[in-house]
Amino acid sequence: MDGITIRNENREERRTIENLVREAFWDVFKPGCDEHYLLHLLREVPAFLPALDFVAEIDGKPAGFCCSSRGKIAVAPGENLEVVVLGPIGVLPEVQGKGIGSALVERTLTDAAEAGFGAVVLYGNPAFYGRFGFEPGEKFGVSDVSGDFCPALLVNELKPGFVKPGKFSEDPVFMIAEADAAGFDTGFAPKTKHAKAGQLFLGGGVIRPTGEEDFETIFEIVNDAASAYKGVIPADRWHEPYMPREELRSEIADGVKFYGYYVNGLLVGVMGIQDRNEVWLIRHAYVRTACRNCGIGGKLLAELHAGAGKPMLIGTWADAVWAVRFYEKNGFSIVPDREVKSTLLRRFWRIPERQVETSVVLWDREV
């Protein structure tokens, strides 16, 4: 793209650049982002390299940014190779794909070489950074600090023969505290976090009971995920929203206790459990549409099932074959006798007769 100007960042524009970085990284690797807070901290540590702190402008306005710091490759006890650590690097969403990021990378490599550095290291997409001479760290015998060869750990050797096998590490400032990052973010304009397919965090998280503060998020997740039922379950059983707030409140008042799967503080999946004396019922198991097929539902079910101590029953729509398969994969089986199924639904659930007719029950053992 013509008209890109690369220059060093000015101190008086730091807040503007932090906001640019926030916009560039929002919802990319996780719901929300921390990179603007990392930049805020990084500028104040000795490892920061001001000469490699760049802003990309289009028509005189900041559109992209990257900075660098000093890192090291520990090649032997007491022997470290100093390298440039590139990042964070980001471009405003509305001008991505126009060569701005490429221009920032190329400028960094040129200036780092002129400054006498032997290598630049980063964590990034090999398909993108490979165009600039970055290669997998494993080729050089360079692992992360744990000794693992991560595919995203990339090395660009500026001086042939400079890089030796060893363990790469960044400055400790990169290990930021999530709570501190969240607090820093409150100083910016409010922005909604979203869970999306492909975010690096998915598959890892914390399971804990939900609270009253989660009510609106539970309502959102239930109705987002339940949209899969539309056109599948009997038409007379579908309505929008699938579960109104009043019904959700009623279910909670009736003893349904929701557990949530939280990643970076964001609730992405819920599963309710209800004590019916002789049995436990699994009620309202839903995962955000963008986060499906990441093992979240299975982890919630395993957590609740492990502590059950008595038979567990699950009711779902007979036509929701994907839900039935999910529970079967996780150790439950369909109650084979139709009369037994109907008896269980009438005994332990409070649902309309029409729902009894169109549902199945799965159990982990006979009741």
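**Labels and their cut-offs**

Modeller: Let's start with aspartate 27, which sits in the loop between α1 (14–25) and α2 (35–42). The model is predicted, so local features need pLDDT of at least 70 and side-chain atom pairs pLDDT 80 or more, while totals for chains, interfaces and linings use all residues. Numbering runs from 1 along each chain as its sequence is written, and side-chain values use heavy atoms, with hydrogens and water left out.

Biologist: Why does aspartate 27 count as buried?

Modeller: Buried means under 20% relative accessible area, exposed means over 50%, and partly exposed is in between, using a 1.4 Å probe and protein chains only. Aspartate 27 has 6% relative accessibility, so it counts as buried. Its phi is also positive, near 65°, and it isn't a glycine.

Biologist: And asparagine 277, buried or exposed?

Modeller: Asparagine 277 comes in at 65%, so it's exposed. This one lies in the loop between β12 (266–276) and β13 (279–287), and its phi is positive too, about 65°. Most residues other than glycine have a negative phi, and most peptide bonds are trans.

Biologist: Which residues does a cis peptide bond join, then?

Modeller: One joins glycine 87 and proline 88, with omega about 5°; proline 88 is in strand β4 (residues 79–91). Another joins glutamate 240 and proline 241, with omega about -5°. Proline 241 belongs to the loop between α7 (215–225) and α8 (245–253).

Biologist: What is serine 227, in the same terms of accessibility?

Modeller: At 40%, serine 227 is partly exposed. Serine 227 lies in the loop between α7 and α8.

Biologist: What makes the link between arginine 283 and glutamine 274 a polar contact?

Modeller: The term needs a pair of N or O atoms within 3.5 Å; within protein, one must be able to donate a hydrogen and the other to accept it, and residues adjacent in sequence count only if both atoms are side-chain atoms. The side chains of arginine 283 and glutamine 274 make such a contact at 2.6 Å. Arginine 283 lies in strand β13 and is buried, at 8%. Counting contact as heavy atoms within 4.5 Å, arginine 283 touches several residues, including Glu251, Phe258 and Trp349.

Biologist: Last one: how do you know what a pocket is?

Modeller: On a 1 Å grid over the protein atoms alone, a pocket is an open set of points with protein on both sides within 12 Å along at least five of seven lines, and lining residues have an atom within 4 Å of a point; a cavity is a set where a 1.4 Å probe fits but cannot get out. The largest pocket holds about 1,600 Å³, that is, the space filled by probe spheres set on the points, which are joined across faces, edges and corners.

Biologist: Which residues lie nearest the centre of the largest pocket?

Modeller: Phe25, Phe29, Glu35, Tyr123 and Gly124, out of 44 lining residues. Strand β4 gives the largest share of that lining, seven residues.

Terms used. Helices (H or I, at least four residues) and strands (E, at least two) are DSSP runs, numbered from the N terminus. Lists of a residue's contacts leave out its neighbours within four places in sequence.
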